[in-house]
Amino acid sequence: MVANKEKMKMMTLDQLKDIDLGKVGTPERDKYEFDLRMELLGQMIKSIRKERNLTQEQLGQLIGVQKSQISKLERNTKNVTIETILKVFRALKANVKFIVEMKESEFKVA
């Protein structure tokens, strides 16, 4: 018995994102990538907090916020200032590095 085999085309994750979300630099793709980074940031905070054997309440006390704010931060870092994120990582004794990327676009000064 000979099975009718169709060839499956292999694609990378980036190729699938290009198809579903658009190429890098399009608004929809940029929003997706930003949201993904923010979600990962919240997960990193939670992971490091647990490694340091701190509760959300204890971490909140270290930076002067309520436990509920730490919970929100771990679930969604989109509406958080960089200052707050830096406070959290300092309290966790973790190094943070930010990368600022300049895009080749028109820049005008009025």
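How do α2 and α4 lie relative to each other: parallel, perpendicular or oblique? They are oblique to each other, and the details follow below.

## The model and its overall make-up

This is a predicted model, so local features need pLDDT of at least 70 and side-chain atom pairs count only at pLDDT 80 or more, while totals for chains, interfaces and linings use all residues. Residues are numbered from 1 along each chain as its sequence is written, and side-chain values use heavy atoms, with hydrogens and water left out.

The protein has five helices and zero strands, running α-α-α-α-α from the N terminus. Helices here are DSSP runs of H or I with at least four residues, strands are E runs of at least two, and both are numbered from the N terminus. Of the 110 residues, 25% are buried (buried means under 20% relative accessible area, exposed over 50%, partly exposed in between, with a 1.4 Å probe and protein chains only). Take the contacts (heavy atoms within 4.5 Å) between residues at least 6 apart in sequence: 50% of them join residues at least 24 apart.

## α2 against α4

Back to the opening pair. The axes of α2 and α4 are 6 Å apart, and the helices pack at about 125°. Axes are lines fitted to C-alpha atoms, for helices over the stretch in contact, and angles run from 0 to 180 degrees between N-to-C directions. Angles under 35 degrees count as roughly parallel, over 145 as roughly antiparallel, 65 to 115 as roughly perpendicular and the rest as oblique; α2 and α4 are therefore oblique.

On the α2 side the contact uses Gly-42, Gln-43, Ile-45, Lys-46 and Arg-49, and α4 brings Ile-70, Leu-73 and Glu-74. That set splits into three nonpolar, two polar and three charged residues. For the classes, Ala, Val, Leu, Ile, Met, Phe, Trp, Tyr, Cys and Pro count as nonpolar, Asp, Glu, Lys and Arg as charged, and the others, Gly among them, as polar.

## The two sides of α4

In α4 (residues 67-75), the buried residues are Ile-70, Ser-71, Leu-73 and Glu-74. They sit on the same side of the helix because they cover an arc of only 160° around the axis, taken from the directions from the helix axis to the C-beta atoms. An α-helix has 3.6 residues a turn, so residues three or four places apart point the same way.

Those buried residues pack against α2 (27-51), α3 (56-63) and α5 (82-91). Over on the other side of α4, Lys-72 and Arg-75 are exposed.

## α1 against α2

Helix α1 (residues 13-21) meets α2 with axes that come within 9 Å and cross at roughly 125°, which makes α1 oblique to α2. From α1 come Asp-14, Lys-17, Asp-18, Asp-20 and Leu-21, and from α2 Glu-28, Arg-29, Tyr-32 and Glu-33. The tally for this contact is two nonpolar, no polar and seven charged.

Val-88 belongs to α5 and counts as buried, at 0% relative accessibility. Leaving aside neighbours within four places in sequence, Val-88 touches Ile-45, Leu-59, Ile-63 and Leu-73. Ile-45 is 43 residues away in sequence, yet the C-alpha atoms of Val-88 and Ile-45 are 7.7 Å apart.

Most residues other than glycine have a negative phi. Asn-53, in the loop between α2 and α3, has a positive phi near 55° and is exposed at 66% relative accessibility. Lys-93, in the segment after α5, also has a phi near 55°, and Lys-93 is exposed with a relative accessible area of 72%.
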